[in-house]
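Hi,

Here is the structure I promised to pass on. Have a look at it first, and then read my notes below.

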Amino acid sequence: MIDTSSCASNAPENIALSAAQARQRMIAEVTPIVGHEFVPVRSALGRILAADIIAPHDVPAHDNSAMDGYAICFDSLAGDVETRLSVVGTAFAGNAFSGQVGKGQAVRIMTGAVLPAGADTVVVQEVTRVESGAVFIPSGQRHGQNTRRAGEDLARGAVALAAGKRIGPAELGLIASLGIAEVDVKRRLRVAFFSTGDELTSIGNPLAPGEIYDSNRYTLHGLLTRLGADIIDMGVVPDRPEALEATLAEAALVADAIITTGGVSVGEADFIKEILAKLGEVRFWKLNIKPGRPMAFGKVGNAWLFGLPGNPVAVMVSYTQFALDALLRLSGLDPIPERPLLTVEAANPIKKQAGRREYLRGTVAAVDGRWQVKTTGNQGSGVLRSMSEANCFVVLPENCAGIQVGDSVQVQLFEGIF
Ligand code: AMP
Ligand code: MG
């Protein structure tokens, strides 16, 4: 499964990959979990469909009116002059007109009402004139106008939603429109995570000299909760081989994926590499990016391992740019969407070294009607504050050697609409 050709050099930790290569490799290697369960439609929000949803009936189920007006037979119309039709009844949404609309007749009809037999066209009420039981229709109508045909949205038997689709608000409505109450979804992905580092203290304890609070587990809690995973928080693990080995082995028993932070940089804690080599097949990558250059990826037992760097911003970059898509694929999402990059104007100059891809934190805003991005202060890879102030990553490609005010740059927004 894992490309072992790189082992020939006996130095897998030296594999250097571009951001695109790393993402593709990770997506290509993982295979979706197979477990699934039936849940009530509302509980399916955010879940991934395990099987196609087939339309059990046409949507809409009947030909109906798209407007309030008069249902008529188009052949009743005179052509270039006004036509007088006698009004023979009313059709309401949910209360159909049971009779026939003959030539020379019209039925007053409301939006969503079933089109009466004999009618094929609806004339909006605003253009009509009513006089003592008759309606006058001006010329210029089109055959079939203002009607919605049975099966126009979905024909009975068609795939309404394909397996692999994530269920959002529109899908909830669509599933309900088919009268379906229970949905077959993939089980939730189980993701275990822990922080590594002797300097880390958990909140609630005082800080001893040289210690810092562990923030990565909280960021990961947020990221993985948003992903919809079942999360298993395994706490802080000191930089001790036995402790790391025991925690990894335990995590591999319960989780589909394990995320660690810290201890993957060059020269540091080499025992992590030894443990991973002993427990599974893991590659250490040097990614051609900033921040988030070191990363480990592979398998421990049956669990996929994502060894992210320790710096808090690097964690968010490696998670969003690499681990996330592999986790989505593991969850069963299909296809994995490309994250859109939008082109905006740089509001400030940005220094950059050519040769690697950089992710900066920025704020996109409209200035005098033009979309611009401004970077948010200190871009150090440990500075979460500038992450919190940002609403996007500014993504500078490998070949970029710096940005001037007014240059076009690409950004990746943190949030969508829903
Ligand atoms: P490392 O990758 O272990 O060398 O860590 C890189 C930097 O990130 C160091 O300054 C660490 O103190 C810091 N760091 C590592 N893990 C965490 C964590 N869980 N929370 C906050 N900072 C961390
Ligand atoms: Mg460390």
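Let's start with Tyr213, which counts as partly exposed because its relative accessibility is 36% (buried means under 20% relative accessible area, exposed over 50%, and partly exposed in between, with a 1.4 Å probe and protein chains only). Tyr213 sits in strand β16, residues 212–213 (helices, H or I with at least four residues, and strands, E with at least two, are DSSP runs numbered from the N terminus). Together with Ile203, Leu207 and Tyr218, Tyr213 makes a nonpolar surface patch of about 390 Å². For a patch, residues need over 30% relative accessible area and no salt bridge; like charges are joined within 9 Å, and nonpolar side chains (Val, Leu, Ile, Met, Phe, Trp, Tyr) within 5 Å. A salt bridge is a side-chain nitrogen of Lys or Arg within 4 Å of a carboxyl oxygen of Asp or Glu, and the areas come from the Shrake-Rupley method with a 1.4 Å probe, where only the protein chains shown count as cover for residues.

Before you go further: this is a predicted model, where local features need pLDDT of at least 70 and side-chain atom pairs pLDDT 80 or more, while totals for chains, interfaces and linings use all residues. Residues are numbered from 1 along each chain as written, chains are lettered from A and ligands numbered from 1 in written order, and side-chain values use heavy atoms, without hydrogens or water.

Now for the strands. Strand β13 (residues 182–186) is largely enclosed by the rest of the structure, because 4 of its 5 residues are buried. Strand β2 (residues 36–40) runs antiparallel to β13, and 5 bridges join them (strands pair if DSSP finds at least two bridges between them). In this pairing, Pro40 stands opposite Glu182.

A cis peptide bond links Val59 to Pro60, with omega about -10°, and Pro60 is in the loop between β3 (53–54) and β4 (64–65). Another cis bond joins Lys290 and Pro291, also with omega about -10°; Pro291 belongs to the loop between β20 (289–290) and β21 (294–300).

Which residue has a positive phi of about 60° although it is not a glycine? That is Asn146, in the loop between β10 (134–137) and β11 (147–148). Asn146 is partly exposed, at 25% relative accessible area. Asp368 has a positive phi too, near 50°, and counts as exposed at 78% relative accessibility.

Cheers
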